[in-house]
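The following note sets out numbered points on the structure shown below. Please read them alongside the sequence and the coordinates.

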Amino acid sequence: MKNRNRTVHGTGESDGCVVPTKGPNNDGNRPSAEGLEGRRPTKENTTQRDLVPDSVPDMGEFCRLRGVRRRAQQDPQARFTALLHHVTVRLLTESFFALKRTACPGVDGMTWREYETNLAARLTRLHERVQRGTYRAQPSKRAYIPKADGRLRPLGIAALEDKIVQRAVGEVLAHVYEADFLGFSYGFRPGRSQHDALDALWVGLMRKRVNWVLDADIRGFFDTLRHDWLRQFVEHRIADPRVLRLIEKWLRAGVSEDGEWSATEVGTPQGAVISPLLANIYLHYVFDLWVQRWRTHNATGAVIVVRYADDIVMGFERRADADRCLAAWRSRLAQFGLELHPEKTRLLEFGREAARQRQQRGEGKPETFNFLGFTHICGTTRKGRFTVRRKTMRTRLRAKLRHVKEQLRQRWHESVPALGRWLRRVVAGYCNYHAVPGNGSSVEGFRKAIGRLWLRALQRRSQRGRRLTWTRFGPIVEYWLPLPRILHPWPGVRFDAKHPR
């Protein structure tokens with residue numbers, strides 16, 4: 001891991017053509033080849049690369065960033081020595097407008113609306129500080145959000161200018177690393193979503209010879225990843241000292257909680273804009289490349305892998321492969337300061353033969369596992385064929401209903417139309433994620449539960465409301481809350497459309 005690869009410098013392009021520079025550039029001063037553009041069809045999901053779309057305009061910094069991406073594709077050993085000049089005022093502007101406008105401010109107290117005042121001058125000064133090296137990262141403000149299991153998840157809220165710079169630098173680095181990341185990595189990548197990961201898992205379980213599933217979670221990953229290893233991983237591809245110093249500043253900026261600053265020797269704050277990319281880089285070298293080689297050289301049967309950030313699901317044809325992989329994986333993670341969560345890591349019998357084999361042994365139904373908000377179940381179709389059913393996790397459903405109940409108490413005196421408009425958005429947002437084939441009953445149950453919570457809230461806020469019955473209130477629910485319907489296609493259909501063979 002200490003080897004140093006060849007280095008390349010920044011590119012200059014105009015109108016889609018390479019412009020010669022005073023030294024080697026990321027394109028090697030060669031015209032682009034059409035065969036290198038876009039996603040290349042492959043035989044397996046694991047070797048597919050999710051690249052940045054080619055529909056960006058052939059102009060300005062977009063062309064130069066496309067040159068960075070092409071160079072990363074052409075030479076996997078290349079190290080980029082000049083990247084910070086791609087962080088322009090225009091890219092900073094786009095990063096600013098891509099931020100959430102209502103996000104909580106960091107330690108600087110600056111909101112999005114306040115910063116928008118005299119925006120051009122602010123971003124120009126910020127760009128000058130970044131390029132001169134006088135930009136200083138501020139500590140993240142510690143905040144906590146409730147998890148579905150009732151515990152609190154720590155978040156780090158970065159200052160507004162840190163968010164802007166992190167997003168711009170992440171955009172540049174993504175053009176390098178999207179050429180490296182493997183196909184089974186789905187978390188926080190452009191053009192990939194949670195449903196893409198769910199589709200890939202469903203297709204793997206249905207089409208591959210999977211009899212055992214390893215449902216794994218890395219314990220406190222964002223809080224325990226080691227900075228020294230992360231620096232070495234980044235330096236495999238990035239040799240620009242100014243970019244490396246920026247990453248170092250963000251890692252060592254520290255955390256501010258209740259007005260007191262504390263250093264961060266390990267980990268990267270959850271909630272920081274740059275954290276997902278750094279986490280993907282870390283796991284790319286710690287897990288992705290390792291498991292790709294392991295299943296190619298050590299497995300005796302079929303193996304599938306789907307990773308979304310630190311949530312990982314693996315499927316095995318043979319139990320022996322699963323046991324050996326789990327033992328080797330634990331040893332691998334220990335080398336890099338990580339460990340599997342003992343309570344959230346399970347090996348269970350799951351697949352088309354699981355129900356029959358467990359019945360022969362006199363055991364109950366196959367176990368289920370959770371992934372990205374859905375419980376995966378061994379089921380059968382109407383014709384008796386094996387299928388993987390997906391239902392909304394009970395903990396997620398209950399947590400969402402508790403949140404809506406608390407919000408109804410805070411909106412106690414709002415009018416019925418105002419509450420109806422808000423609850424319509426709540427139900428629509430829930431359906432946008434959970435309305436997958438086979439989950440219609442869960443979505444319908446959520447809508448009915450929202451209607452009951454609304455009725456109880458109206459009954460308790462006044463004496464007249466106590467006389468309100470479902471007979472009278474039902475038409476109001478039918479008017480305001482949209483009827484549930486399946487919004488997502490079958491996983492195999494969407495997966496085949498996105499990954500043509």
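This is a predicted model: local features need pLDDT of at least 70, side-chain atom pairs count only at pLDDT 80 or more; totals for chains, interfaces and linings use all residues.

1. Ala98 belongs to helix H2, which spans residues 89-98. Helices are DSSP runs of H or I with at least four residues, strands are runs of E with at least two, and both are numbered from the N terminus. Ala98 is partly exposed, at a relative accessible area of 38%; buried denotes under 20%, exposed over 50%, and partly exposed the range in between, with a 1.4 Å probe and protein chains only.

2. Residues are numbered from 1 along each chain as its sequence is written, and side-chain values use heavy atoms, with hydrogens and water left out.

3. For the chain overall, the secondary structure comprises 18 helices and 15 strands. Of its 501 residues, 50% count as buried. Among contacts (heavy atoms within 4.5 Å) with a separation of 6 or more, 70% involve residues 24 or more positions apart. The chain exposes about 24,500 Å², of which carbon and sulfur atoms supply 51%; these areas come from the Shrake-Rupley method with a 1.4 Å probe, and for residues only the protein chains shown count as cover.

4. An open sheet of four strands is ordered E6-E5-E8-E9, with mixed pairing. Strands E6 (152-157) and E9 (260-262) stand at the edges with a single partner strand each, so one side of each is left without a neighbour in the sheet. The twist from one strand to the next averages 40°. Two strands are taken to pair if DSSP finds at least two bridges between them.

5. Within that sheet, strand E5 (residues 140-146) pairs with strand E8 (residues 255-257) in the parallel sense over two bridges. Ser140 has Val255 of E8 as its bridge partner, and Lys141 stands opposite Ser256 in E8. By contrast, E5 and E6 pair in the antiparallel sense over six bridges, with Ala143 opposite Leu155 in E6.

6. An open sheet of three strands has the order E13-E14-E15 and antiparallel pairing. Its edge strands, E13 (369-371) and E15 (386-392), each pair on one side only. Neighbouring strands here are turned by 40° against each other on average, direction ignored. E13 pairs with strand E14 (residues 374-380) over three bridges, and Phe369 has His376 of E14 as its bridge partner.

7. Helix H6 lies across E13, E14 and E15, running at about 150° to E15. Axes are lines fitted to C-alpha atoms, for helices over the stretch in contact, and angles run from 0 to 180 degrees between N-to-C directions.

8. How do H6 and H18 pack? Helix H6 (residues 194-207) and helix H18 (residues 491-498) meet at an angle of about 105°, with their axes 9 Å apart. The two helices are therefore roughly perpendicular to each other, a class covering 65 to 115 degrees, where under 35 is roughly parallel, over 145 roughly antiparallel and the rest oblique. Contributors to the contact include Trp202 and Val203 of H6 and Arg494 and Phe495 of H18. The contact residues divide into five nonpolar, two polar and six charged; Ala, Val, Leu, Ile, Met, Phe, Trp, Tyr, Cys and Pro count as nonpolar, Asp, Glu, Lys and Arg as charged, and the others, Gly among them, as polar.
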